[in-house]
Amino acid sequence: QVQLVESGGGLVQAGGSLRLSCAASGRTISTYGMGWFRQAPGKEREFVAAVTRNAGSTYYADSVKGRFTISRDNAKNTLYLQMNSLKPEDTAVYVCCASNSYYFSTYYHSDSMYPYWGQGTQVTVSS
């Protein structure tokens, strides 16, 4: 079983950048597809980005495409989310997650695909 801990959140002005990290322990993440989701107050959790085990493919929500970049360093057992050109509507708790499903490349956008979740890190973007 893999344990996930996020860091890097904070308060930033609109147009600014943040880099989130998700440190894994317990097992190597090289066998997991990985993802980022976010949840704003009063809203449902939504998919942000995902990456396959070998980083061969990345996927993004339309709302963050071109601004966010997901990456992974399997040697460091860490997942990243580089967030640029941040907007107030990006304000949310960001959570990383891991999946060892065979169907990851098809259902990466579904939170039910991921059995392992971190606690989340708050990102607040001021206007």
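Modeller: Two strands are said to pair here if DSSP finds at least two bridges between them. The model is predicted.

Start with an open sheet of four strands, where antiparallel pairing gives the order β1-β3-β8-β7. The edge positions are taken by β1 (3-7) and β7 (68-73); each has a single partner strand, so one side of each is left without a neighbour in the sheet. On average, neighbouring strands of this sheet are turned by 15 degrees against each other, direction ignored.

Further in, β3 (residues 18-25) is joined to β8 (residues 78-83) by six bridges, in the antiparallel sense. Within this stretch, Arg19 lies opposite Gln82 in β8.

Next comes strand β11, residues 121-126. One of its partners is β2 (residues 10-13), which pairs with β11 in the parallel sense over four bridges; there Val12 stands opposite Val125 of β11. Strand β9 (residues 92-99) runs antiparallel to β11 and is joined to it by three bridges. Ala92 has Val123 in β11 as its bridge partner.

As for side chains, in a regular strand they alternate between the two faces of the sheet. Buried here means under 20% relative accessible area.

Methods: Residues are numbered from 1 along each chain as its sequence is written. This is a predicted model: local features need pLDDT of at least 70, side-chain atom pairs count only at pLDDT 80 or more; totals for chains, interfaces and linings use all residues. Side-chain values use heavy atoms; hydrogens and water are left out. Helices (H or I, at least four residues) and strands (E, at least two) are DSSP runs, numbered from the N terminus. Axes are lines fitted to C-alpha atoms, for helices over the stretch in contact, and angles run from 0 to 180 degrees between N-to-C directions. Buried means under 20% relative accessible area, exposed over 50%, partly exposed in between (1.4 Å probe, protein chains only).
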